[in-house]
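Q: Please take a close look at a single helix in this structure. How is it built into the rest of the chain?

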Amino acid sequence: MNDLSNNFASSIISWQEKFGRHHLPWQHSGAYATWISEIMLQQTQVITVIDYYNKFMSRFPTIKHLAQANIDDVLALWSGLGYYARARNIHKSAKLMATLHNYQIPKSLDELTSLPGIGPSTAGAIMALGHLNYGIILDGNVKRILSRCFGQHVDGQSSYGQKQLWHISKLVTPSEACHTYTQGIMDLGASVCHKHLPQCPKCPVQNICYAFNSHTTSHLPYKKPKKVKPILHKHMLIPVNKGKIGLVKNANKGIWGGLWTPLMMDKPYQNIKILRTYHTIKHIFTHQTWFIVPIVFENQMQNIEHWFSIEDALQLGLPKPVRDIIEIIQHEQINSLQETE
């Protein structure tokens, strides 16, 4: 496989230099920028990440700034990006880098993967793109390209499939120009080798691609049948009092861990004075779907400890549907609906 793998890597390197992405804000900015961007890019498109990344780096330009920050400030800048465990792990890792690595990004795979939220592929990207050393990656784009090019009819999420694809990724990753190759294979997956309707005529490895030559691009990578996601119905209960709204802070785990939310109930409280009911919001998680009915009511509850003006609430770490409804309340000037005490 050596000649084939050498041809594969050299073709991608040449393609990246001519057609790859060269102006993403985290490129050529060091290991810290690579780490933050790689975590943000997990499960999230580049076009969405860029604005979040720029705001995050403006607020936390160094590991020291991030390590010394309050987790609420970190989550506030992550609000709307989803998968909030990523933000909590970034904060935990920054603190560990402060104490164990003198505010530096570790330069070994073992040290990197010992940190919260940094798996082997993210560590490989940090090594290759951040430290300009040898590093192997296997993100979703790379799995798709390797599965198609080398005819791997395996489930990339299974232990066997992971092992097989890691083996191939190691074989084709060059020791020289690893940085350019790594960026190139990422760019190829993002701009050419799409999940649907891949742009095969633009692909630099078309001539050696098993899927292209066997007309099986639509069948690779192998897709495990999806499980039906459970559907849950929730009520978002938003108490208002003297121009403020009541929120609670979730524990630092599970769905929306560490974020501020109104009370989320399967059924609404009885005997409350409803001021406004909004249209149902559909919110899709990886593993389930929620249909949320937001209800604003006059406060009659004793267990709300934290009250915020709408402007202050919008500075907190909020899940996207919560932020959306608070922005609507702000726009409609919900204060006018309350009784003045």
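A: Start with the whole chain. Of its 341 residues, 49% count as buried, meaning under 20% relative accessible area with a 1.4 Å probe, protein chains only. This is a predicted model, where local features need pLDDT of at least 70, side-chain atom pairs count only at pLDDT 80 or more, and totals for chains, interfaces and linings use all residues. Residues are numbered from 1 along each chain as its sequence is written, and side-chain values use heavy atoms, with hydrogens and water left out.

The chain has 14 helices and eight strands. These are DSSP runs, numbered from the N terminus: helices are H or I with at least four residues, strands E with at least two.

Now helix H6, residues 85–100. Its 16 residues should span 22 Å at 1.5 Å a residue, counting one less than the number of residues. The end C-alpha atoms are 22 Å apart, which agrees. Just after H6, Asn102 takes a positive phi of about 55 degrees.

Buried residues of H6 include Arg86, Ile90, Ala94 and Met97. The buried residues pack against H2 (31–40), H3 (46–59), H4 (63–67) and H5 (71–78).

Take H2. H2 and H6 pack at about 160 degrees, with axes 10 Å apart; axes are lines fitted to C-alpha atoms over the stretch in contact, and angles run from 0 to 180 degrees between N-to-C directions. That makes H2 roughly antiparallel to H6, the term for angles over 145 degrees. Trp35, Ile36, Ile39 and Met40 of H2 meet Arg86, Ile90, Ser93, Ala94 and Met97 of H6, in contact if heavy atoms lie within 4.5 Å.

How values were computed
Buried < 20%, exposed > 50% of the residue type's maximum accessible area, 1.4 Å probe, protein only. Parallel < 35°, antiparallel > 145°, perpendicular 65-115°, else oblique.
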